[in-house]
Amino acid sequence: MNTRKWRSALGPHLVPALVLAVLPLAAAAVETAEIEFPTSCDASVQGRFNHAVTMLHSFEYPETSKLFADILAADPDCAMARWGIAMSIWHQIWAPPSVAELEQGARVLAATAGMEMTSREAGYIDAIKSFFSDTDPLTHGERSRAYQGRMAALHAEHLDDPDAGALYALSLLATADPTDKSYAHQYHAAGILNWIRETRPRHPGVLHYIIHSYDYPGLAHLALSAATVYAEAAPESAHAQHMPSHIF
């Protein structure tokens, strides 16, 4: 699908993801399970950063907070390490952060002010800052939607960045209305993820979030192909070994 057609697909009348789910996938040889997440951090930490993002996509939050902290210790000027720490604090589709965790995230991100970063990195950091902009638990929904809006913009500006698309899809799942039985957010997320999967068939975040998108009795069959390969694509994650059981 070309860029123009995909931008159109992101409109309010998104083609239902169950149609996209049956599109033939590109050969698995074009992608490995390991994430490639370019940063302006020191080259010596890039491999560790890729690994940390790989684990982040599988919700290994205690581990990723340590990985990103170690990266920051090795390269104090790595603004995206602070992004990773903050992302590890907010467990998007599990539970809202506590006041203490919101304060921690705000402190971590405040130190990015004035740090050198690319425009793409600034987009990631601006998005997560919008979530940690208030410590009042009652504004959780509002802050989650603000993050979602910024991730939508980042994804639209960087259609070649599979992680921006995957994390935007996750933000849609995090802001889905649990009473909406049309599953509008879930179908929207799955449409994005299945589009990315055409060229990134072993991207752990894409596979993981497809499972969550279709984790409902009437939709589970649409995630079967993702469920059969997710554990293999993220072998270090205990969560990845468990998630396919939701579908099976």
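**Reading a helical chain**

Modeller: In this predicted model, the protein chain has 14 helices and zero strands, and the pattern read along the sequence is α-α-α-α-α-α-α-α-α-α-α-α-α-α.

Colleague: How should I read burial here, and what share of the 248 residues in the protein chain is buried?

Modeller: A residue is called buried when its relative accessible area is under 20%, and in the protein chain buried residues make up 53% of the 248 residues. The chain as a whole exposes about 11000 Å², of which carbon and sulfur atoms supply 56%.

Colleague: Among contacts between residues at least 6 apart in sequence, what percentage joins residues at least 24 apart?

Modeller: Of those contacts in the protein chain, 64% join residues at least 24 apart.

Colleague: Turning to one helix, how many of the 11 residues of helix H3 are buried, and which elements cover them?

Modeller: Helix H3, residues 46-56, is mostly covered, with eight of its 11 residues buried; among them are Phe-49, Val-53, Met-55 and Leu-56, together with the polar residues Gln-46, Asn-50 and Thr-54. The cover over the buried residues of H3 includes helix H4 (61-74), helix H5 (79-89), helix H9 (162-174) and helix H11 (204-213).

Colleague: Where does Thr-139 lie, and is Thr-139 buried or exposed?

Modeller: Thr-139 lies in the loop between helix H7 (119-131) and helix H8 (140-157). Its relative accessible area is 15%, so Thr-139 counts as buried, given that the cut-off is under 20%.

Colleague: Which backbone oxygen does the side chain of Thr-139 reach?

Modeller: The side chain of Thr-139 reaches the backbone oxygen of Asp-136, at 2.8 Å.

Notes
Residues numbered from 1 in each chain as written. Predicted model: local features only at pLDDT ≥ 70, side-chain atom pairs only at ≥ 80, totals over all residues. Heavy atoms only, no water. Helix = DSSP H or I, 4+ residues; strand = E, 2+ residues; numbered from the N terminus. Buried < 20%, exposed > 50% of the residue type's maximum accessible area, 1.4 Å probe, protein only. Contact = heavy atoms within 4.5 Å. Areas by Shrake-Rupley, 256 points an atom, 1.4 Å probe, with all protein chains shown as cover. Polar contact = N/O pair within 3.5 Å; in protein donor to acceptor, adjacent residues only side chain to side chain.
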